[in-house]
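Colleague: I am new to reading protein models. Could you walk me through one?

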Amino acid sequence: MQFHFDESSPLYQQIASQLEEMIFTGGFDEGDQVPSTTQLSQQLHINPATVLKGMNQLVDKGLIEKRRGLGMFVMKGAQQKIMEQRKEDFYNDYVKTLLLEAHKLGITKQHLQDLIERGEQDGKINS
């Protein structure tokens with residue numbers, strides 16, 4: 001299990017994001033136990049409170065759950081929740097912006113579809 005940190009955001013958010021990514025990509029399956037706060041803090045040389053804060057973000061999102069005396073576990077449906085959130089984020093972050101810019105440029109829906117198909121044909125998108 002590899003974590004990569006940078007200065008872009010607080011450590012606890014990076015921990016939460018990277019654990020979420022591991023859940024999404026199958027690094028942790030539903031029902032799997034995730035490493036404990038102590039294990040992660042020792043492995044990453046980070047304050048346990050920082051690790052806990054990141055993990056609590058995932059608890060708040062309904063992706064992992066605390067089981068008293070046992071640890072933290074990936075909840076059923078966690079991958080699907082992440083997928084749905086990412087789809088919503090994709091729409092808000094990219095599609096809305098694309099449509100707004102297309103409207104400003106006078107690009108019609110048909111022309112936009114043609115551009116998407118052209119991009120696929122150019123091999124830029126693997127479907």
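Modeller: Gladly! In the largest nonpolar core, which has 20 residues, Leu 19, Met 55 and Ile 64 touch the most other members. Such a core is a set of buried Ala, Val, Leu, Ile, Met, Phe, Trp, Tyr and Cys residues joined through side-chain atoms within 4.5 Å. The largest share, 5 residues, comes from α1. This is a predicted model, where local features need pLDDT of at least 70, side-chain atom pairs count only at pLDDT 80 or more, and totals for chains, interfaces and linings use all residues. Residues are numbered from 1 along each chain as its sequence is written, and side-chain values use heavy atoms, leaving out hydrogens and water.

Colleague: Is Thr 37 buried or exposed?

Modeller: Thr 37 is buried, because its relative accessible area is 18% (buried means under 20%, exposed over 50%, partly exposed in between, with a 1.4 Å probe and protein chains only). Thr 37 lies in helix α2, residues 37–44 (helices are DSSP runs of H or I, at least four residues, and strands are runs of E, at least two, numbered from the N terminus).

Colleague: How do I read two packed helices?

Modeller: Packed helices are described by the angle between their axes and the distance between the axes. Here α2 and α3 pack at about 125°, with axes 9 Å apart (axes are lines fitted to C-alpha atoms, for helices over the stretch in contact, and angles run from 0 to 180 degrees between N-to-C directions).

Colleague: Which residues of α2 and α3 meet?

Modeller: Thr 37, Leu 40 and Ser 41 in α2 meet Pro 48, Val 51, Leu 52 and Met 55 in α3, contact meaning heavy atoms within 4.5 Å.
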